Amino acid sequence: MMAPVVAVLMLLQVDSTKQFPYPPPARPLLAFGETILINTLVNRVDAWGFQQDWARSGTRAWARNLRLGWEWDEDAFFTNMFSHPYHGALYFNSGRSNGMGYFESVPVAFFGSWSWENFGETYRPSLNDWFMTSFGGITLGEMFHRVGATIRDNNAGGGTRILREIAALPIDPIGGFNRLLRGQWSAKGPNPPEHAPADYVLRLGGGLRFAKQFIHDSSATSMGTFLLDLLYGDQVGQAYKAPFDVFNVRVLLSTYGGLNALRASGRLYGKNLNSPTGRNRHMLAVNQRYDFYKNPAQSVGGQSIEIGINSRWLIGSKGFGIRTALFGDGILLGAIDAPGTGLGDRTYDFGPGAGARWELALEKHGARFLRVFSQLEYIHAVSGASADHLVDFGGIEAAIPIARGLGLSASSTIFGRTSRYTDGRTRDAREFPEARLLLVWTKVGFGK
Amino acid sequence: MRLALCLVGLLLMGAGSITAQQPPDTTVAPPVRRGPRPHRNGLWGEFGFGAGQVRVGCSDCENVIVANGATSYVRIGSTVSDNVLIGFEFFSLLDQAFGFATGDTTTTAETGTAAIIIMWYPGRHGLFIKGGVGAAYGSFSVPTDSGGVVRADTSTGGGVGLTFGLGWDLPISRKFALTGNLSGFVTALGDVVLPGRRVDDVIATVYQASIGFTIR
């Protein structure tokens, strides 16, 4: 009953003029209404299509959920730390694709997740789901919104235009749906500013990954791996304009285990600390960060806010330079596995925390060819074991050019974890070293 | 997993599109001009009091414990844009007749949140939506009689807190406003250890109705 009413209300905000006004008019009713439609659609597909009992929620379940309130769930690490944030990106982009800004779309993401948790399932609402779906959805959603706008081109026509619209769909399906609704898949007009980032570095690579204990019951020590690195905008060369005007994302896939790492960080705020025209630059930045690391040996991830300084020192006149980053962070909610952690079927803890990271890199025209980095994070469990976890992560990466755009990349990293328990269990620690050798292709678009 | 692979595949398609994109398009319409914002401007502050209800659940609890208490808060912040404010909020609830078990009203419970908040004014009126995240604190004191000497055993927990809500700024002059608030505070406190009892994975949710005084 709710969905048809919302659909009618939303129609009042649909604009089918096929134009591309900038800034686009904000349609909050449509944005919030679309989150209800997303939830209704997902719920009915699960209930009718997949015969899931947990999706057969009704007024009795809604009243119970509202009365009992939040709990911690027992879902798998991948579900909680990746699938839910991806779902949250749909909510967030309901706002972004309806003319709402970054901050204005934040409540849309929280509302979408809150309403799903309370009304979409018979289970009690899960606090970790609300956190991960909302904060993770905001980080991934804004990134997807910008990458989607880069893929789409309002000046293109014919088959290229359609291909671009389709290619952007899995990244920003809600944006694509709204454009289709407004006839903007074919209409021509100006592109939004995020369509063409002034600076970017894209690196793709494939090769081998070496480590011990990849697979517990196997002697395998190497496997195929795939890398994607995207730097969107310049952390020090670009004055702050809007949240996520600068972001970076790293994706690591392996032939065993699939998604090994997904790390995304977007600038929420930036301030020049010296002359913007100087050769050496220092910039204060506040970033929103999403981390997901999963191996048979380790699972850690979370949503963080970090503050620190990015610097760049130019060397000579051929584009070489040194970049440094020094950041402290607060983990809003993190997740980590260790012996004895978890709750019920869940094998990892949830908790807030804090940490710091530093990085030193040599670059040419914005593309790093030698990078040394280290990160230390503390997580205090509030669900699972009575434990405090310390995670450290560091390594070195080098990329050697062998032809135009092509290069060899070698890296070595060590992941360490120490867990201290307050309920009498002994302290547990382990290390996980690994190395990678990849053939990489780099595309640089700096200083246009 | 297929979803992840699909996502990465499409990212690659997007990357190809980056390399093939057109030069930046400068034919964009000029931004719409608006008048001065009618609500908070520059540095602003707010404090207030109200009634609150705390609902405490835990991983082994089959029901929630509900209690009422007094609440207070302080907010201070600045403006991000015409419609968006950012600030800090300090909130606490105190209940001196709390209980973790039915009929047990000897525990003093205090929960607090220190959060970074975002306030969004969707229109030109005083209505705003608030959301924030920060550190949470919970303290539970139980009086115990040890050999005729009554003392309080206190257990504290620290964790993470979320806040959300809505409110309305009612201007009473150019610089001052009365602000009505309906807020929720979700605080995850971890394990709370009381004398002879351990309560696992405590989540305290506080609902608050308050009146505040705003300097804007």
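Axes here are lines fitted to C-alpha atoms, for helices over the stretch in contact, and angles run from 0 to 180 degrees between N-to-C directions. The model is a predicted one, where local features need pLDDT of at least 70, side-chain atom pairs count only at pLDDT 80 or more, and totals for chains, interfaces and linings use all residues. Residues are numbered from 1 along each chain as its sequence is written, while chains are lettered from A and ligands numbered from 1 in the order in which they are written.

Chain A comes with eight helices and twelve strands; helices (H or I, at least four residues) and strands (E, at least two) are DSSP runs, numbered from the N terminus. A compact globule of 448 residues would have a radius of gyration near 22 Å, and the 23 Å of chain A agrees with that. This radius is taken over C-alpha atoms, with the globule rule being 2.2 Å times the number of residues to the power 0.38. Along the principal axes, the C-alpha atoms of chain A fill a box of roughly 65 × 65 × 40 Å.

As for the pairing itself, two strands pair if DSSP finds at least two bridges between them. β6(A) and β7(A) run antiparallel and are joined by 16 bridges, with A:Ser304 having A:Ile331 in β7(A) as its bridge partner. Four residues separate β6(A) and β7(A) in a hairpin, and A:Gly316 in the turn has a positive phi of about 70°. β7(A) also pairs with β8(A), in the antiparallel sense over 16 bridges; here A:Ile322 stands opposite A:Leu362. Further along, β9 (residues 367-380) and β10 (residues 387-403) of chain A pair in the antiparallel sense over eleven bridges, and A:Leu376 stands opposite A:Asp392 in β10(A).

Helix α5 (residues 102-119) of chain A packs against α4(A) at an angle of about 140°, with the axes 8 Å apart. The two are therefore oblique to each other: angles under 35 degrees count as roughly parallel, over 145 as roughly antiparallel, 65 to 115 as roughly perpendicular and the rest as oblique. α4(A) passes α5(A) in a right-handed crossing; a crossing is right-handed if the near helix is turned clockwise from the far one by less than a right angle, and left-handed if anticlockwise. Residues making the contact include A:Tyr91 and A:Phe92 of α4(A) and A:Val108 and A:Ala109 of α5(A).

α5(A) packs with helix α2 (residues 28-49) of chain A too, at an angle of about 30° and with axes 9 Å apart. That makes α2(A) roughly parallel to α5(A). The α2(A)–α5(A) crossing is right-handed, and among the residues that meet are A:Phe32 and A:Ile36 in α2(A) and A:Val108 and A:Phe111 in α5(A).

Conventions: Contact = placed C-beta atoms within 7 Å.
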